[in-house]
Amino acid sequence: MRTQITVQRFNPDRTPEHFVSNYSIECDRGTTLLSALLHIKNQIDGTLTFRASCRAAICGSCLMQVNGVQKLACRVSLHEELETRGRLEIGPMANMLVIKDMVVELASFWKKIKAITPYVVADEGAASGAPTRQRAQQAAPLQNIHEELHNADGCIMCAACLSACATFEVSPGFLGPAALAKAYRFVVDPRDKVRQDRLMMLQEDHGIWDCVRCNFCVSVCPKEVAPMEQIVRLRRLSIAAGLNESVEAAHITQFTKVVGEEGRLNETRLPVLMLWGHWRKLFRMIPLAIKMFLRGKAPFPFKRPKGYKQVQAIFKSRTDRNR
Amino acid sequence: MKYAYYPGCAAKGATPELHQATLKVVERLGIEIVEIDNFNCCGAGVITEADPDLAYLLNAKTLAAAEALGLDIMTVCGTCQGTLGGINKVLQTDETLRNRINVSLKEATGLAYNGTVAVKHLQWILVQDYGLDTLKRAVVLPLNKLAIAPFYGCYILRPASAVRFDNWENPQSLEKLIKALGAEPVLYDGRTKCCGFPVFLEKEEIALGMVGSRVAEAKGQGANAMVTPCPLCHMSLDIYQERSGEKIEIAPGQDRKMNMPILHLPQLLGLALGFTAKELGMKHHFVSTASIDDRLEGK
Ligand code: SF4
Ligand code: SF4
Ligand code: FES
């Protein structure tokens, strides 16, 4: 079957403008996007530029945008893509600086990974960067690590998640899904000695609380790392480790408290409980709160639906268990 | 056609217009609903962050209540759909977990869930169960003067494991509904992105950035209004729209006020079924919807 591939191009040596190239290629059931691109580069247009190496979804180099979605070119079947989307529009991954064609600047991605100290700090001295002697590994502490990691160690650093991340799009300083998933991977490693420092660092701006839980990272990740779920675990671990004073942590604890008391979320009470003590933020809410009240959008703060007793019983069963 | 109706906290709280419009629309379409007695919060993914088992229990209670009625659940909130629907999928497939949850649920409430209920958003019910052709026949005021930008929001699309209706990469159900009502769907990148709602109180900068770019993009593509199946997205796009004007790039002399009316899905349906803006509760909105009326009246 012959098909057409439309490629978003950029080559600053030739022209400062982005441009589009169309290529007509032969494809059968087994053709991957990467093999099509290699064919184009070898036979049709040698200037077409992209990164690739393993051809088997291992190295993570060939990430690009395929019909608007971040995908590994070597894992995309042209046939399937045509069947579901009816067209093949390819371009560099979103929200990154383009160097040439599909090649983007990844320095900012690596900087984020480095920022979370992506290695086990086995003793305090290691954090300084000084080499330490390898000791005999004890197997026992690592016995259950596989379950604990929840596949957070499966990352191939393809950057799909960062490129698709809703927060990163509007806030480029955000550490992002891949780095945070990696942070989780070291937080739960029993050999690591700086767990609390790690958690504290993640509370800062651009850390775990900047995630909006949009699920883009979970959806695009080719390795089922589910970064957002690791971020949620980091939030839970932070609260359990006593890092519960922030507005962000209060969102979780107070939301849960309100539902536990009333059975439902009370949109009037929650912001007050969350922002109490954080006066600047609370103050900024006041004009909106007044307008909401005037528009009939602010429910009476102390109403309780009838069924809240059952909900309270459910909550009680949980607190009894956790005690 | 009969469903157990799960309104969710927002439709009974900060977006009462959603509940109001839903009741009007389902009655006109002949879809029968029974509101789940004393329904509780789904947890919106937040309670899961505190204690996953607690979220399972709260939603198992809702599912058990619908099961006792012998009905599938209808939601009108994208976030409830994602949470309740997602947890339903897990409870249906993981029997060990379901049994464990049922033990605590029974102790606390006397209820148990056997995994027989389907959870469907009104949006899906109309496309799949009710049918677009039937819907078309019910339209009394075709909305052919309106260009409508669909805004899906996150949880009605992702993660795919919880949803399995629209393909998140290229969802079509809102577009189909918009067309069935006679209006023209507007295509823009932001339709499947995030509204920023989950971080409004703590990270307003990030959230406003999202609202600003969604609304500005829809406007740039010629939308007269945006429609969403999620009341939390509605709150973001409506309540914070004016503030998000600080965040958008504008040409010199252009107004930062975007004045983009934001409609709940049942409100858009309601307009085509002949209800007035007043009957659909539009007085509760922050951004005026008068421009829609003007257009429909050909002014
Ligand atoms: S869930 Fe969080 S980390 Fe993942 S893409 Fe969305 S905002 Fe980014
Ligand atoms: S988490 Fe997944 S999407 Fe993100 S870089 Fe790693 S492999 Fe790629
Ligand atoms: S070429 Fe290695 S992941 Fe695609």
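Modeller: Residues are numbered from 1 along each chain as its sequence is written, with chains lettered from A and ligands numbered from 1 in the order in which they are written. In this predicted model, local features need pLDDT of at least 70, side-chain atom pairs count only at pLDDT 80 or more, totals for chains, interfaces and linings use all residues, and side-chain values use heavy atoms, with hydrogens and water left out.

Biologist: In what order do the four strands of the open sheet in chain B lie?

Modeller: Strands (E, at least two residues) and helices (H or I, at least four) are DSSP runs numbered from the N terminus, and two strands pair if DSSP finds at least two bridges between them. Here the order is E2-E1-E3-E4, with parallel pairing. At the edges, E2 (32-35) and E4 (119-121) of chain B each pair on one side only.

Biologist: How many bridges join E1 to E3 in chain B?

Modeller: Four bridges join E1 (residues 2-6) to E3 (residues 72-75) of chain B; B:Ala4 has B:Ile73 as its bridge partner in E3(B).

Biologist: Is helix H14 of chain B buried or exposed?

Modeller: Buried means under 20% relative accessible area, exposed over 50%, partly exposed in between (1.4 Å probe, protein chains only). Eight of the eight residues of H14(B) (residues 265-272) are buried, so this helix is largely enclosed by the rest of the structure. Among them are B:Leu265, B:Gln267 and B:Ala272. After H14(B) comes B:Gly274, with a positive phi near 95 degrees.
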